Amino acid sequence: TIGKGKVFFDLKGREIRKKTLEFMSQKYKLAFSEEDLTKFALMESFGVPIESLKQILDMKSADRSKANQPGIPKDSLDNQLADWVQFARTANIEINDKELQIAIKGDAKEEYPIIKKVMDILQDQKINSFSLVTGLRGKDF
């Protein structure tokens, strides 16, 4: 989901979410407890660098949505979004034995440069088929 210049990530399926976080923790050499993995599996979308994810997980569910989340890094020097997408795809193939269905949500008129950046990240991974969901209202972010 893209809003206010930030990118948020969501993933359906508890086991896929857990496996994806396990892959991310290995790559970024961060430790997440079994409790953290369980919380992550139940969590809605998030928009923080992996290094700040534990702080979000430690919050009460109601406080997470109010927390200041700067968005997932997507720059060439720190492209965590590409890693989240790649590891989510790998987890989905391992668990469901099929390719992940991807959707980009946002208002194309207001956020085109960021949507283009996300599309470029997907295309770098040879993902050329994805859904675009537009027309979200501001309160949905």
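**Figure 1. Overall fold, with six helices and four strands.** The model is predicted; local features need pLDDT of at least 70, side-chain atom pairs count only at pLDDT 80 or more, and totals for chains, interfaces and linings use all residues. Residues are numbered from 1 along each chain as its sequence is written, and side-chain values use heavy atoms, with hydrogens and water left out. Helices (H or I, at least four residues) and strands (E, at least two) are DSSP runs, numbered from the N terminus. Along the sequence the pattern reads β-β-α-α-α-α-α-β-α-β. The C-alpha trace spans about 40 × 35 × 30 Å along its principal axes. The radius of gyration is 14 Å, in agreement with the value near 14 Å for a compact globule of 141 residues. That radius is taken over C-alpha atoms, and the globule rule is 2.2 Å times the number of residues to the power 0.38.

Figure 2. The accessible surface comes to about 8400 Å², and 50% of it belongs to carbon and sulfur atoms. Areas come from the Shrake-Rupley method with a 1.4 Å probe; for residues, only the protein chains shown count as cover. Of the 141 residues, 43% count as buried. Buried means under 20% relative accessible area, exposed over 50%, and partly exposed in between. Contact means heavy atoms within 4.5 Å. Among contacts between residues at least 6 apart in sequence, 63% join residues at least 24 apart.

**Figure 3. The largest nonpolar core, with 37 residues.** Such a core is a set of buried Ala, Val, Leu, Ile, Met, Phe, Trp, Tyr and Cys residues joined through side-chain atoms within 4.5 Å. Phe-9, Phe-46, Leu-53 and Trp-84 touch the most other members. Helix 1 (14–27), helix 2 (34–42), helix 3 (53–57), helix 5 (80–96) and helix 6 (108–124) each supply at least two residues. Helix 5 gives the most, with seven. In soluble globular proteins, nonpolar side chains tend to be buried together.

**Figure 4. Close-up of Phe-9 and its contacts.** Neighbours within four places in sequence are left aside.

**Figure 5. Helix 1 and its cover.** Helix 1 has 14 residues and reaches 20 Å from first C-alpha to last, close to the 20 Å expected at 1.5 Å a residue. The expected span is 1.5 Å times one less than the number of residues. Its buried residues are Ile-16, Arg-17, Lys-18, Thr-20, Leu-21, Phe-23, Met-24 and Ser-25. Their cover includes helix 2, helix 3 and helix 5. Lys-29 follows helix 1 with a positive phi, near 55°.

Figure 6. A salt bridge is a side-chain nitrogen of Lys or Arg within 4 Å of a carboxyl oxygen of Asp or Glu. The count comes to eleven. Lys-19 is partly exposed at 25%, and Glu-22 is partly exposed at 28%. Lys-39 is partly exposed at 24%, whereas Glu-35 is exposed at 52%.

**Figure 7. A network of salt bridges links Asp-10, Lys-12 and Arg-17.** The side chains of Asp-10 and Lys-12 meet at 3.2 Å, N to O. Asp-10 is partly exposed at 31% relative accessibility. Lys-12 is exposed at 63%. Arg-17 is among the buried residues of helix 1.

Notes. Buried means under 20% relative accessible area, exposed over 50%, partly exposed in between (1.4 Å probe, protein chains only).
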